[in-house]
Amino acid sequence: MADGEDGETRKKRHGMLKVYYGMEEETPGSPTIDPCDINGAHFDPEMFLSKLIKEKSLTELMDEEAKTVTQIRALDSDMQTLVYENYNKFISATDTIRKMKNDFKKMEDEMDHLATNMSTITEFSGNISSTLQDRRQEITKLSGVHSLLKRLQFLFELPKRLNKCIEMNAYSQAVRYYSKAKRILQRYQHMTSFQGISQDCNQIIQNLCQILRQQFKEKESTPKQLAECVDLLLQLNEPAEELCEEFLSHARQKIEEDLSILDRQIRLQMGEDIKDEAESLAEAYLATPMDVLEFVDCGCNGFLSNICLVIASYNDMFLSRLQDDENLDAIALKKLVNFVNDLMERYFSYVQKRIQLERETGDNTILVRSLDRFHRRLQAMNKLLPDTDFSRAGTDIVSKAARDRVGHYLQALKQHFSDCMTDVRQSLAAPKTAGKEGSASLNELLSNMQSSILEQIKSVLGNLQAFTASDITFASKPYFSGPFCTQDVREGLVVAFLKHINTVCDEFCEGSGDKSSIPPTLLLILSRLCLDFEGSTISYLVTLTEEQFMVEERSRVTPISDLTSHSKDTAQKLLNHYVKVQGLSISQMLRKSVETRDWLNTIEPRNVRAVMKRVIEDISAIDTQVGQLYEEGTRKERSSDSSRRTHPQSYSMSTAQRKGQWNIAPSITDNSLMSNIQKLFSEKIEIFSAVDFSKVSVLTGIIKISLKTFLECVRLRTFGRYGLQQIQVDTHYLQLYLWRFVTDENLVQVLLEEIVCSTVHRCLDPSMMEPSVCTIEIGLLSQTVIYAISFNDYLDCSFRRSHNLN
């Protein structure tokens, strides 16, 4: 029986806990009933145990036992914790209930005491009412008479009170007294006694208005005093529109002093001498120019603070007070807006002038801090005067200052590029010291120039990042950061400088004015510089700029491909111009050597002319220069006997001479005809064609120009017998050396053959030199082939040449 009662009590307790914790009790007919569910309400331990014994092995049973023991311990621990927590709550609730009982007991005592006091008060009030019931009307009448007498006494004493307040400078008290009695005096001014009081008070108030206006016009009056004067005058029904004009006029005088300080600082910064004006100013620090940060602080703490105070005072005195009359409110607001716009326009002009004077400074830190402070203070003014937008005007000034800095840095980069070219020219023109290599190699000059330009651009970009720092307010504004990063820095600085380099190099290629005196070696260096820019430098610089300044808008910017294409075209122009200049330089030597010589009466050739040696030396020097900056390039396969090759015309003319003098003309005619027929089927040689970026291509272009000039000069001259032989020796000498520098040795061979053929056509006595003798002549000069010919052969060849034999 006891067990049954304990089970019911336990079941009831579990039910209450389920209700408390929001657990729903399972119904017997629900589909979730499972007697083997150890967590269910209908768990059957006998069935669960028998099921385990049947289904699981001994090892699994032992594991299940360990798992069950662990769960039992965890449940015991949770149960203990729950009991402890609920026990503490029950204890706390018991203490709270006990305390509430004590408090309610005290409250009941106090309520009883209060009820007793209220009964006593009611009793006393009844006694007083019953005692004064007969005299109530008389007391009320006497009280009214007393109040009226006090008012009359106040009115009779009002002029005296007003004069006393004016003597004590208590103007607000006087206005308050007059405002209090004004309606009564106007109502009873037809009575003689009140009429005199009203006249006296009006006269006193007129004097007070004059005093207030006089104080209003004094320069030493503080804004607080001005506000008090305007407030009192408005209470005295003075015209509000006139007061607005007078208030703004007086405020303008005070603010004009702040603007004059700014104007004076600008003139000091520009170097004007204004010592006489400094004597009239109390501030001694104004005699020295301020930096831009101090200038902005002076304007913010002086001009902007005062104009903000004027706006706030004006709003309190006029705009907030005149709301009953919409016309006066609109007029007052218009006057304030015009007043503020006029002064702010002058202030902006001073700030802009002062910032423009910072163009030449190298560090942007102080300038950016001053612009940030200027921008912050302007944002506060929009809250005081919502009808204006000074923050946008300030942002325009900030943007213009940033553009000016970009323009200054662009000019600095251009000057740096000019200085780099000047340094290169000085290095190229420096005389070489005996025993030393002299000036630096072209590769070193190019490397120094590239690194110097890159470092300068990186330094400039680092300085301009001050405008986009995270702690700068205007840097987060889209209308500043977008145009500044994209149009100013990327396009206006980096892209513009890269285009400037190409423009300067293009001007060198035009060859007009002073540009024509540029050294050819500098053209070669600039060509390689532009080619390197096209390869990697341009892409690196533009990408670096876009990463540092987070350029997002790519639709309105110059593509990198356009810049690289322009740079490559410029490199090609410079290299072509270099070939042209060097070719014309060598051509000038050849032209003078041909024009200054008497080819009809020249002596028998003994050696190669010195100009030919000079040509080979110059071409060798050019080959060394170009090889320092450009790769070798591809050549056509050379013949194994290039150094021994002679002209076919030489053999033809020698054969013609063996046939007799009467056969010379027909042979020459046939030979010329065959030469012209051969030219029809040969490839046309373009003399001034574009060259490739390789050493052999550059040297080929220079040699083509030189030999073409040599050919044209020969066509303008008439030659004798020895003149023809001298040309034969010279061309053979050129053939021995020039084939090493060109892409195709046949090209040199063809041009030299044309020179000899043209000389033959213009020779009065065409008699060619024996090829072996020509080779010996060249060998005597170069000391390279004389030992290859026997002494007897040499005597025999000399004898034949001197006696004009076969």
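A crossing of two helices is called left-handed if the near helix is turned anticlockwise from the far one by less than a right angle, and right-handed if clockwise. Keep that in mind for the second stop.

**Before you start.** You are looking at a predicted model, in which local features need pLDDT of at least 70, side-chain atom pairs count only at pLDDT 80 or more, and totals for chains, interfaces and linings use all residues. Residues are numbered from 1 along each chain as its sequence is written, and side-chain values use heavy atoms, with hydrogens and water left out.

**Stop 1: the whole protein.** You will find 26 helices and 0 strands; helices (H or I, at least four residues) and strands (E, at least two) are DSSP runs, numbered from the N terminus. Of the 806 residues, 39% count as buried, meaning under 20% relative accessible area, with exposed over 50% and partly exposed in between (1.4 Å probe, protein chains only).

**Stop 2: α14 and α15.** Select residues 390–429, which form helix α14, and residues 442–464, which form helix α15. They pack at an angle of about 165°, with axes 11 Å apart. Axes are lines fitted to C-alpha atoms, for helices over the stretch in contact, and angles run from 0 to 180 degrees between N-to-C directions. The two helices are therefore roughly antiparallel (over 145 degrees; under 35 is roughly parallel, 65 to 115 roughly perpendicular, the rest oblique). Their crossing is right-handed. Ala, Val, Leu, Ile, Met, Phe, Trp, Tyr, Cys and Pro count as nonpolar, Asp, Glu, Lys and Arg as charged, and the others, Gly among them, as polar.

**Stop 3: α22 and α24.** Select residues 695–715 and 745–761; the axes of these helices come within 9 Å and cross at roughly 10°. α22 and α24 are therefore roughly parallel. Look for F710 of α22 and L751 of α24, both among the contact residues. Here the classes are 10 nonpolar, 3 polar and 3 charged.

**Stop 4: confidence.** Colour by pLDDT, the predictor's confidence in each residue, from 0 to 100. The protein averages 76, and 74% of the residues score at least 70. Which element has the lowest mean pLDDT? That is helix α20 (residues 648–658), at 37, while α15 has the highest, at 90. Finish at residues 640–670, where the pLDDT is below 50 and the stretch has 48 contacts beyond near neighbours in sequence.

Note on methods: Contact means heavy atoms within 4.5 Å.
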